Amino acid sequence: MTHPIKAVKDINESKDLWKTAVRCKHIWSVTSASKKEHIEMILVYSKRDMIQVIVRPFLVLKFKEELAARSSYIIQNFKVSNNDFSFKSTNHSCKLVFCGSTLVKKTELSDIPLNFLNILGLDAIVEEKFQSNVLVYILGRVTEISQFQINADNNKRKVIFTIIDNSVFEKTNLEYNVLYGGQLAVQLYKYYTSHKEDGNIIVLLINARIKEAQGGFPLNISNAWNGTKSFINDVSIDEISKFKESLKGELPLLSSSSLQDVELICYAKHISPKLVPMYKLEVLAVDGKFKSKFSFWDNDCVKLIGKYALQMKNELIKADEDNLLELPYELDAY
């Protein structure tokens, strides 16, 4: 008699001899600082319960070729451990860890949906109906790109843009800032520069992080790590296609205060008729043998200290202070 197939929601740490039938919803590779690669996956059961999986480095070669997104499998003999990730891809209390005796059999399971997207609406964020340590799916239309930082010389890649969720547009005009870093920033930058006339840029974020408001920084959405994916105007995804079709009337062209030669509006709604060179404050913190550099752009300086970086620089010049190790008083006091 074979082991019975169990639902994902029933898997717990009481034993390792489990057997389940799942579809691979999402898969990605992670390379550590020591150049070791491991695989992470999100598996979904027929009842749409999900669980995260780890394939350790020494098993990557064994399983890499037979694991693929959208494929379904019978999986058995895996270790079950506590889902102790700082940011979890599912709200399941456990995660699965493949071991040497794990069996993976590719099987057609038509009862498990191919494209199951559990999208979190912006209204749910407003009503605080989310877990800050669980990564989410977000769908929205880009209304403004406020910052592009794509620097090949120092590998700094960042994009800040605003999205609106049209599903609740009639109730309230909900907008949120999104911070993209790394390759996702490059992806949006390339798309925007080749589609500047497109007023309907719909973005789907998979495994996005909601960063709760802290101090003077408002709540925002960001990518978390290399498991985060972004799809831009991909009408092969039903949710994006339906979102685009739901848009009514002519929409204004997407604006980018960092790229277009138009009136620029800052976070405080001040208007500048032309581009003005801006400065940033860089602080090197040293603790014994450990060092870390922090960069604060003008928006951050104003929110944290109450002054622009250039203001602090000019005050040091006015005081005839040329010591590179001299900190502006405001920063020292802060």
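A residue is called buried here when its relative accessible area is under 20%. By that cut-off, 40% of the 334 residues of the protein count as buried. Keep in mind that this is a predicted model. The protein has seven helices and 18 strands. Its exposed surface comes to about 19,600 Å², with carbon and sulfur atoms supplying 51% of that area. Take the contacts between residues at least 6 apart in sequence: 59% of them join residues at least 24 apart.

**Aromatic pairs**

To describe a pair of aromatic rings, you give the distance of the centres and the angle of the planes. Ring centres have to lie within 6.5 Å to pair, and planes over 60 degrees apart make the pair edge-to-face. The count by this rule is two aromatic pairs.

| Pair | Centre to centre | Angle between planes | Type |
|---|---|---|---|
| Phe63 and Phe98 | 5.0 Å | 65° | edge-to-face |
| Phe161 and Tyr180 | 4.9 Å | 75° | edge-to-face |

What does the pair of Phe63 and Phe98 tie together? Phe63 belongs to helix H1 (residues 60-63), while Phe98 is in the loop between strand E6 (94-97) and strand E7 (103-106), so the pair connects parts that are 35 residues apart in sequence. Phe63 is buried, at 1% relative accessibility, and Phe98 is buried as well, at 1%.

Phe161 counts as buried with 0% relative accessibility, and Tyr180 does with 1%.

**Charges over rings**

Rings also meet charged groups here. Lys15 puts its charged end over the ring of Trp18, 4.6 Å from the ring's centre. Likewise, the charged end of Lys95 sits over the ring of Phe85, 5.0 Å from its centre.

**A closer look at strand E4**

Is strand E4 (residues 72-76) largely enclosed or open? Five of its five residues are buried, so E4 is largely enclosed by the rest of the structure. In a regular strand, side chains alternate between the two faces of the sheet. In E4, Ser72, Ile74 and Gln76 point one way, Tyr73 and Ile75 point the other way, and all are buried.

E4 also has strand partners. Strand E1 (residues 19-31) runs antiparallel to E4 and is joined to it by five bridges, with Ala21 having Ile74 of E4 as its bridge partner. E4 and E7 are antiparallel as well, joined by four bridges, and Ile75 stands opposite Val104 in E7.

Terms used
Residues numbered from 1 in each chain as written. Predicted model: local features only at pLDDT ≥ 70, side-chain atom pairs only at ≥ 80, totals over all residues. Heavy atoms only, no water. Phe/Tyr/Trp six-rings, centres within 6.5 Å; stacked < 30°, edge-to-face > 60°. Helix = DSSP H or I, 4+ residues; strand = E, 2+ residues; numbered from the N terminus. Buried < 20%, exposed > 50% of the residue type's maximum accessible area, 1.4 Å probe, protein only. Lys NZ or Arg CZ within 6 Å of the ring centre and 35° of its normal. Contact = heavy atoms within 4.5 Å. Areas by Shrake-Rupley, 256 points an atom, 1.4 Å probe, with all protein chains shown as cover. Pairing = 2+ DSSP bridges.
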